[in-house]
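Please have the sequence and the structure open while reading.

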Amino acid sequence: HYGEIALKGDNRKFFEEKLVENIKKSLQANGVLFNYVQRISGRILVELKNQSDAEKAEGALRKVFGITYFVFAGQSQQNIENIKSKAIEILKYENFESFKVETKRGNKSFALTSQQINEQVGEAVMEGLVKKVDLHNPDIILYIEITEKYAFLYTKKNTGIGGLPLGVSGKAISLISGGIDSPVASYLMFKRGVKIIFVHFYSNQQGYEQSLEKVRDILRVLKNYQEKIKIYFVPFGEVQKKIVLKTKAEFRVVLYRRVMFLVANEIALQEKAKALITGESVGQVASQTLDNILAVEEAVSLPVLRPLAGMDKIEIINMAKKISTYEISILPHLDCCSMFAPKHPATKADLKEVKNQEKKLKIKKLITSALKNVTIENLT
Ligand code: ATP
Ligand code: MG
């Protein structure tokens, strides 16, 4: 079952088809065999080949954006006798004393009303399994949904991760560091249906390979949500050296970041991506004051999405734990941004002054050379 997609008007079919495609991929990736995945009215129907795959299927569906909840249902023909025996078949294995039946009737041409179905199925269960009805505080609820063709019966709703199906919102470039914030930012944009290509900047100092491996480890976790992961590793040491040599120390961090954004913007244009994503949170550190955000973003033409802008560190950490990137993010790594970072970086970098400083660099050449030495990897 999906939530928001239902609101999408003319685009609804497109959203639903994307969701079907993503469900198939996730089931396949988790080794779950199925007969079909198809759209039916207001929901997606999956028929598993083997009931024993239910647990694996549950794991797979929990990672698919766009699902608000999902259920493992028994399927019955649309006649009341069949529905009754299916109800008993399902409840036979459950441990309960009291129960109630809740029917939703999508197919209004079905001969009985929801209330009549509740009563008749309830009676059959009372007699067949010797249990009692409790409408207010039952041990178990048997849900029955009458759709166009079939009736579906189940007892438990599993919460999905919500959001929009991955891919419906186009593509963006995420600047990923080895830190806590940027993986969470990427996750949140996945959740809004955005496909992501990653960019990481590193400086070629001792031990850097290990830091790249850490970034790969984080991406392997994000691979749970997006099957294919592509990453650009961009060498940044030369850029930093030039900035350190030619410009005032207090502007270093802002200038590093402008060049990072410019390189990412170039990659975005090549990849036909429509936005950049960062893990910035307003005011968290010196480079993330509104003045500095302004001074950095001015360099690029694409919109910069900052899904963590209004979150505090504790909220971000909790989310990083939830998506299982936290434990990797807190391992030590070389942070190229803090390399040669001055003791007192400007917290309110004046844009005019920043641009004057930037003029001392051959910025086009720096970008071209960084791009020339990029390594592209596809994680498997
Ligand atoms: P994070 O926890 O994501 O590292 P942070 O709190 O350390 O963030 P900064 O170091 O100021 O903050 O980085 C802000 C954002 O800039 C990051 O969230 C990320 O999107 C981007 N960024 C920083 N360093 C790199 C890098 N080496 N490569 C790619 N992007 C980076
Ligand atoms: Mg960082």
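Predicted model: local features only at pLDDT ≥ 70, side-chain atom pairs only at ≥ 80, totals over all residues.

The dialogue moves from the whole chain to its core and then to its ligand.

Q: How many helices and strands does the protein chain have?

A: Helices (H or I, at least four residues) and strands (E, at least two) are DSSP runs, numbered from the N terminus. Here the protein chain has 13 helices and 15 strands. Its radius of gyration is 27 Å, well over the 21 Å that the globule rule gives for 380 residues, so the chain is more spread out than a compact globule. That radius is taken over C-alpha atoms, and the globule rule is 2.2 Å times the number of residues to the power 0.38. The C-alpha trace spans about 85 × 35 × 35 Å along its principal axes.

Q: Which residues have the most contacts inside the largest nonpolar core?

A: A nonpolar core is a set of buried Ala, Val, Leu, Ile, Met, Phe, Trp, Tyr and Cys residues joined through side-chain atoms within 4.5 Å. Buried means under 20% relative accessible area, with a 1.4 Å probe and protein chains only; 51% of the 380 residues count as buried. The largest core has 41 residues, and Ile173, Phe201, Val234 and Leu276 have the most contacts inside it. Elements that each supply at least two of its residues include β11 (195-202) and α8 (252-271). Helix α8 gives the most, with 11 residues. Apart from this core lies another, of 37 residues, among them Ala172 and Leu379.

Q: What does Phe201 touch?

A: Contact means heavy atoms within 4.5 Å. Not counting residues up to four places away in sequence, Phe201 touches Leu175, Val234, Phe236, Met260, Val263, Ala264 and Cys336.

Q: Which protein atoms lie close to polar atoms of ligand 1?

A: A polar contact with the ligand is a pair of N or O atoms within 3.5 Å. A polar backbone atom of Ser182 is 2.7 Å from a ligand oxygen. A backbone N or O atom of Phe201 lies 2.9 Å from a ligand nitrogen, and one of Gly279 lies 3.0 Å from a ligand oxygen.

Definitions and conventions: Residues numbered from 1 in each chain as written. Chains lettered and ligands numbered in written order. Heavy atoms only, no water. Buried < 20%, exposed > 50% of the residue type's maximum accessible area, 1.4 Å probe, protein only. Polar contact = N/O pair within 3.5 Å; in protein donor to acceptor, adjacent residues only side chain to side chain.
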